[in-house]
Amino acid sequence: MSSRRTRTCKNRDDELDGLVSKLQALLPASSSSCNKTRVPASKILQETCNYIKSLRTEGDNLGERLSQLLDSMENTGVDVNILRDLLQQ
């Protein structure tokens, strides 16, 4: 019974290691330490959270900039509805 429990823990640990490795591979090279070096899972998870936050901020900034551009185009008489339809596709 003990060996079965050990195998189950080993399988779970292997699965977690695999998932953490996949997360590390998704991080930009500048954010992650060397992908070939063993990095603690906690550090990879923290880097992943930071990266997601930066992507959210970047998306918000782009949305704000797009909104400003659309507002300025409305003032120049450009058909903004056509642009909005294209952007939503």
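Where do glutamate 47 and lysine 43 lie, and how many residues apart are they? Both sit in helix H2, four residues apart, or about one turn of the helix. Let's keep that pair in mind and walk through the rest of the chain before coming back to it.

First, some ground rules. This is a predicted model in which local features need pLDDT of at least 70 and side-chain atom pairs count only at pLDDT 80 or more, while totals for chains, interfaces and linings use all residues. Residues are numbered from 1 along each chain as its sequence is written, and side-chain values use heavy atoms, with hydrogens and water left out.

The protein chain has three helices and zero strands, where helices (H or I, at least four residues) and strands (E, at least two) are DSSP runs numbered from the N terminus. Read from the N terminus on, the elements run α-α-α. Confidence is given by pLDDT, the predictor's confidence in each residue, from 0 to 100. The chain's mean pLDDT is 82, and 83% of its residues reach 70 or more. Among the elements, H2 has the highest mean (89), and helix H3 (residues 80–88) the lowest (73).

How much of the chain is buried? Of the 89 residues, 11% are buried; here buried means under 20% relative accessible area, exposed means over 50%, and partly exposed lies in between (1.4 Å probe, protein chains only). The accessible surface comes to about 7,400 Å², and carbon and sulfur atoms account for 55% of that; these areas come from the Shrake-Rupley method with a 1.4 Å probe, and for residues only the protein chains shown count as cover. Among contacts (heavy atoms within 4.5 Å) with a separation of 6 or more, 12% join residues 24 or more positions apart.

Threonine 48 gives us a look at helix H2. This threonine counts as buried, at 11% relative accessibility. Leaving aside residues up to four places away in sequence, threonine 48 touches Leu23 and Leu27. The C-alpha atoms of threonine 48 and valine 20, which are 28 residues apart along the chain, are separated by 9.9 Å.

Now for the charged side chains. Side chains of opposite charge can pair when their charged atoms come close. Three salt bridges turn up in a search of the whole structure, a salt bridge being a side-chain nitrogen of Lys or Arg within 4 Å of a carboxyl oxygen of Asp or Glu. Our opening pair is one of them: glutamate 47 and lysine 43 meet at 3.9 Å, N to O. Glutamate 47 is buried, with a relative accessible area of 10%, whereas lysine 43 is partly exposed at 38%.

In helix H1 (residues 2–26), aspartate 14 and lysine 10 are also four residues apart, and their closest N and O atoms are 3.1 Å apart. Aspartate 14 is partly exposed at 38%, and lysine 10 is partly exposed at 48%.

Aspartate 17 forms a salt bridge with arginine 38, with 4.0 Å between the closest N and O atoms. This pair links distant parts of the chain: aspartate 17 is in helix H1, and arginine 38, 21 residues away, is in the loop between H1 and helix H2 (41–75). Aspartate 17 is partly exposed at 36% relative accessibility, while arginine 38 is exposed at 68%.

Finally, the structure holds zero disulfides, meaning pairs of cysteine sulfur atoms within 2.5 Å. Cysteine 9 is partly exposed at 30% relative accessibility, and cysteine 49 is partly exposed at 41%.
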